[in-house]
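User: Please walk me through this one. I have just opened it.

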Amino acid sequence: MEALTSRGVVQRAEGGQNFGRLFTVLLFALFIVALLIAIMAGTGLYRALVDVREQADASRLATGLIANSVRAADSVDAVGAGKGPEGRSLVLTERLDSGTFETRIYAYQGSIVEEYALADAAYTPEKATPIVASQRFAFSYEDGLLTVDTDDGSVQVALRSVRGGA
């Protein structure tokens, strides 16, 4: 209720002032709660994006290391297949003046490993370097395209040596 004072100023009753203050406090509290919810949602979304990125990075790492090894060894008759301890192995042959060496990539006890050895040497997986954890390791070759499959995905490498490039 409003009252007119002797000076002609309108005064509001105490109840109206209290309601205005309460409304302002409630509006401010609602704003703070909405802001906190938005921050929590943003944090959750950021975590999810980081997880997706880490999985993609791991996938690229596993297949990228294999692809780079193949590309580095790509020359005529350098890429072949062998018999590893738990299945087929990808054999990258390097012919030097001091002898013929092989980089062997194969699955062993839940990992894909890489072993560098003389061409005539037996497989020694205990001395091999683990590349990535993966139960699956398979590869195929068709029309100059080598495809390697792992748990993290597959990678295709076009061999230059088939076209006379190396």
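User: What share of residues 22-46 is helix, and how far apart are the end C-alpha atoms?
Analyst: The span is 100% helix and 0% strand, and its end C-alpha atoms lie 36 Å apart. Helices (H or I, at least four residues) and strands (E, at least two) are DSSP runs, numbered from the N terminus. This is a predicted model, in which local features need pLDDT of at least 70 and side-chain atom pairs count only at pLDDT 80 or more, while totals for chains, interfaces and linings use all residues. Residues are numbered from 1 along each chain as its sequence is written, and side-chain values use heavy atoms, with hydrogens and water left out.

User: What does UniProt list for residues 22-46?
Analyst: The unreviewed UniProt entry gives "transmembrane region" for residues 22-46. UniProt positions are in the numbering used here, feature names are shortened, and annotations may be inferred rather than shown by experiment.

User: How many bridges join strand 5 to strand 6?
Analyst: Eight, and the two strands run antiparallel. Glu102 stands opposite Ala117 in strand 6. Strand 5 and strand 6 form a hairpin with two residues between them, and Gln109 in that turn has a positive phi of about 50°.

User: And how many bridges for strand 6 with strand 7?
Analyst: Strand 6 (residues 111-118) pairs with strand 7 over four bridges, again in the antiparallel sense. Val113 has Pro130 of strand 7 as its bridge partner, and Ile112 stands opposite Val132 in strand 7.

User: How many aromatic pairs are there?
Analyst: The structure holds four. One is Phe101 with Tyr116: the ring centres are 5.6 Å apart and the planes are at 5°, so the pair is stacked. Rings of Phe, Tyr and Trp (its six-membered ring) pair if their centres lie within 6.5 Å; planes under 30 degrees apart count as stacked, over 60 as edge-to-face and the rest as tilted.

User: Which strands hold Phe101 and Tyr116?
Analyst: Phe101 is in strand 5 (residues 99-108) and Tyr116 is in strand 6, so the pair ties together parts that are 15 residues apart in sequence.

User: Switching over. What order do the strands take in the sheet of three?
Analyst: The order is 8-9-10, in an open sheet with antiparallel pairing. Strand 8 and strand 10 (153-158) are its edges, each pairing on one side only. Strand 8 and strand 9 (residues 145-150) pair over six bridges. Tyr141 has Leu146 in strand 9 as its bridge partner.

Conventions. Two strands pair if DSSP finds at least two bridges between them.
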